[in-house]
Amino acid sequence: MENNNENDLKIRRYKNQLMMSGFGCILLGGWSAIRMILSVYLEKDKILDALRNAADWSIYESVDAKTADTVLFFTYLGMTVFILIISFLIHFYVGRCAVREGRDGRKRNFYLVIAGLFLLSIVISYIGIGDKNIADSAEEAISKNADVVTYVLDASMAFTFLDMLFSAVLSRIYLKKNGGGE
Amino acid sequence: MQKDFHYYATYCAAFLAGYDHEDSLAIAYSAQFVDDCSRSVLRRLKAPLNVASTQLNLELMEITTDILGIQDITRIWASFHFLPRDLYAQKEGCGKLYMDKYRLICGPNGELVKDTVTLAKKKSLQSVGIAMHVVADTWAHRNFAGTPSLVINNTDAHFFEILPDGTERKIKFRHSLSAPDDPENGLYTGSIYQSAENSIMNLGHGRAGHLPDYSFCRYKYLPAWNEYREMYKDNPSDYWNAFRQLIYAMKFLRGEYDEFHTDTYENKAVEGFEDEIRAILNKRQTESGSCADWKAFGEKLSGKEIPDYNENTYQDEYITANKDEKSDTFLGKFFEGTLAQKSMVTSRIFESGNLLAGYSVDPETGKLIRQMVKGGLKR
């Protein structure tokens, strides 16, 4: 009655890991969204300065400065919210597919491609860290601490995607060895 | 197990073991009352609260799951409903925290079963009933532990019922306490997944709902402690063993055997009744139907009417008795039995170096067990 050969145990373990990494992906997608919102809220002035530098100066000729700032800021906010929603939905899609494959065996391949791309983007962003200068002001130090938190969480995300890819591939390999079933 | 087995089937087992109708009723009532003797009932009776043998859902919701709360829960559930099978079990690569919980996993025919039955020797009928409840539950509740623990008691979506024709049907648990179980359609209620290790939802077999308590059910699942290995649970077979073991234990308690051995079952007394009993065990029905069948069987055995179980039967006697007469009442004797059982099990758990049931008091002397001070903790 009990199916407990080595392949069965491995399949269950990797499917369980796949499910867990799926949940992790959804949670980290939520974290990305929260991070974006917080960065907009906490760095409002910096953002406004950057927008002013980048904006077409003609807007400041047609309306007063405060109105122009508001228009710029809300345009930026709108774009951020749009990107935030897209980002979360992608994380949710990837996580949900992983959970479904882990729990019910419903296989899809596209989510693994996205997971791989996410992983690649995190790795590339880490390569860029080596170029950053050491902080020589208090403000930069605070910013550096925030960066450290981001890097740690990005590392968690990278691990989650790596685990997801490994678990999906290995569970499929062992499923095939087992003749398609547990 | 539920009332069908703890009350009616225990009555049948007691009668087959040689007890008369009245004594069998007393044993059966006591066996079932273990599931009803909560602190809420004891408060109403103005009885000592430390004789409680169960906790209601409302009581469990009020308990904190800090170490003191966990000890309080474990003392009751491990002593009466999830008797540990092997307090010295070994598992490689596990730390003490995990091993303490692993060693509380319930199972039949452990050393504590022998201790439980022996404890009831030459004691009251109420003590016999308590012992029979505990022994019966070791079969139904095997592979779960009487302490809140995710890493021991959790189950997941890999849960299949084996139907009578041999096919497998996936079980999906719902979490509505008010909705009755529907065995025909494979709909059962189980507790909600809680990721907190010591959540009450992870106590005993909550995650598997009432499946361990249905005598007809055969199922396979992945216990959290079993490292992705499937566990097959054959309730009809386990309940049949439990029934025969109860008869054997009660024959020992009546003095027909000199010693009680684990893994020993009474076959002679059930000769001629096996088909009838197995038919009751295998019938796909919930508690009410099973109670009716066991009741009919018991009345056929004894030729006398078995009154329906009523939790309040002996409560007036206890409430109206004088203070120095309470010990001689039915419930007074029951409370002495539960106290002895709880002390014995808690002592054994404590002596094994496991503090999940807290410190223990020697039931004979009333003194705190000083095994730790003597440096004799067994591992």
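Reader: Is the crossing in which α1(B) passes α12(B) left-handed or right-handed?
Author: A crossing counts as left-handed if the near helix is turned anticlockwise from the far one by less than a right angle, and as right-handed if clockwise. By that convention, the crossing in which α1(B) passes α12(B) is left-handed.

Reader: What kind of model is this, and how are residues numbered?
Author: Residues are numbered from 1 along each chain as its sequence is written, chains are lettered from A and ligands numbered from 1 in the order in which they are written, and side-chain values use heavy atoms, with hydrogens and water left out. Local features need pLDDT of at least 70, side-chain atom pairs count only at pLDDT 80 or more, and totals for chains, interfaces and linings use all residues, in what is a predicted model.

Reader: How are α1(B) and α12(B) oriented to each other?
Author: The axes (lines fitted to C-alpha atoms over the stretch in contact, with angles from 0 to 180 degrees between N-to-C directions) of α1 (residues 3-17) and α12 (residues 287-302) of chain B come within 9 Å and cross at roughly 15°. Angles under 35 degrees count as roughly parallel, over 145 as roughly antiparallel, 65 to 115 as roughly perpendicular and the rest as oblique. The helices α1(B) and α12(B) are therefore roughly parallel.

Reader: How are α7(B) and α14(B) oriented to each other?
Author: The helices α7(B) and α14(B) pack with their axes 10 Å apart and at an angle of about 150°, in a crossing that is right-handed. Their orientation is therefore roughly antiparallel.

Reader: Which residues of α14(B) meet α7(B)?
Author: Contact means heavy atoms within 4.5 Å. On the α7(B) side the residues are Leu112(B), Asp115(B), Thr116(B) and Leu119(B), and they meet, in α14(B), Ala340(B), Gln341(B), Met344(B) and Arg348(B).

Reader: How does α8(B) lie relative to α14(B)?
Author: Helix α8 (residues 125-140) and helix α14 (residues 330-351), both of chain B, have axes that come within 8 Å and cross at roughly 45°. That angle makes the arrangement of α8(B) relative to α14(B) oblique.

Reader: Which three residues supply 55% of the area that chain B buries against chain A?
Author: The contact takes twelve residues from chain B and ten residues from chain A. The area buried between the chains (the accessible area, with a 1.4 Å probe, that two parts lose on being put together, summed over both) is about 1,100 Å², and carbon and sulfur atoms give 54% of that area. More than any other three residues, the suppliers of that 55% are Tyr228(B), Glu230(B) and Tyr232(B).

Reader: How far apart in sequence are the parts that Glu259(B) and Lys114(B) tie together?
Author: The side chains of Glu259(B) and Lys114(B) meet in a salt bridge of 3.7 Å, N to O. Glu259(B) lies in the loop between α10 (235-254) and α11 (274-282) and Lys114(B) in helix α7 (residues 111-119), all of chain B, so the separation of the parts tied together is 145 residues.

Terms used: Helix = DSSP H or I, 4+ residues; strand = E, 2+ residues; numbered from the N terminus. Salt bridge = Lys/Arg side-chain N within 4 Å of Asp/Glu carboxyl O.
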